[in-house]
Amino acid sequence: MDASPSFDELERRVKDKTLRLVFLLGLARGGTTATEKFLYERLPFDAQVNEPSLLGPPAAGVSRAEATFARVLAAVEAVDAAVATVVVKEVTNKVLPAMVPLWARLARWWIIVIRSPCLQFESRLKSMLDRVDSGALSEFGVSPDARALRVHGEVVVEAHNDATWREAWAAMKA
């Protein structure tokens, strides 16, 4: 992993005991955001950073690690307290494997969120269907009014009459 001045500064603050970082991790659509919000609203956190690795590609010449940790450091620097207590939430499909040991060096506590796989899959599918239904994918040939919804050429939801995939989905949920 490339050197990251922001990581180095965060680690210095952890070692100096001026930063307490809670790292919350889970699968996408697994309830991590709800957990993060619940904890932040009810516990004495000074700041929260939601998916720092997802906030867009780094600028030219900046490593992904630096861009990620710079976002966390910015939140820490905005805290007006002798000791900053910060919750950082990431999802597993965004955290590079090489970043895990770095997070381990920073995190005082880890919270791993595990959700029922069936509910998680349903949430992910609903999220995809909402995007299709909004027309956001029309330019890619995915129509909200099609009889079948396909992902990578495979049928995910299909109506077996004159209904649309949306009506088939509603019937499945009834």
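A cavity is a set of points, on a 1 Å grid over the protein atoms alone, where a 1.4 Å probe fits but cannot get out. Grid points are joined across faces, edges and corners, and a volume is the space filled by probe spheres set on the points. This is a predicted model: local features need pLDDT of at least 70, side-chain atom pairs count only at pLDDT 80 or more, and totals for chains, interfaces and linings use all residues. Residues are numbered from 1 along each chain as its sequence is written, and side-chain values use heavy atoms, with hydrogens and water left out.

**Exercise 1. Describe the largest cavity and its lining.**

Step 1. The structure holds one cavity of 30 Å³ or more. About 40 Å³ of space lies in the largest cavity.

Step 2. Lining residues have an atom within 4 Å of a point. Here they are S53, R64, T68, E90, K94, V95, L96, M99 and W103.

Step 3. Sort them by class. Ala, Val, Leu, Ile, Met, Phe, Trp, Tyr, Cys and Pro count as nonpolar, Asp, Glu, Lys and Arg as charged, and the others, Gly among them, as polar. The cavity lining has four nonpolar, two polar and three charged residues.

**Exercise 2. Find which element gives the largest share of the lining of the largest pocket.**

Step 1. A pocket is an open set of points with protein on both sides within 12 Å along at least five of seven lines. The largest pocket has a volume of about 400 Å³. Of its 23 lining residues, L27, A28, R29, G30 and V91 are the closest to the centre.

Step 2. Helices (H or I, at least four residues) and strands (E, at least two) are DSSP runs, numbered from the N terminus. α2, β3 (84–91) and α5 (117–133) each supply at least two lining residues. The largest share, seven residues, comes from α5.

Step 3. By class, the pocket lining has seven nonpolar, nine polar and seven charged residues.

**Exercise 3. Locate R29 and E51, and compare their phi angles with the general rule.**

Step 1. Most residues other than glycine have a negative phi. R29 has a positive phi, near 65 degrees. The phi of E51 is also positive, about 50 degrees.

Step 2. R29 sits in the loop between β1 (19–26) and α2 (32–42). E51 is in the loop between β2 and α3 (64–77).

Step 3. Buried means under 20% relative accessible area, exposed over 50%, partly exposed in between (1.4 Å probe, protein chains only). R29 is partly exposed, because its relative accessible area is 37%. E51 has 11%, so E51 is buried.
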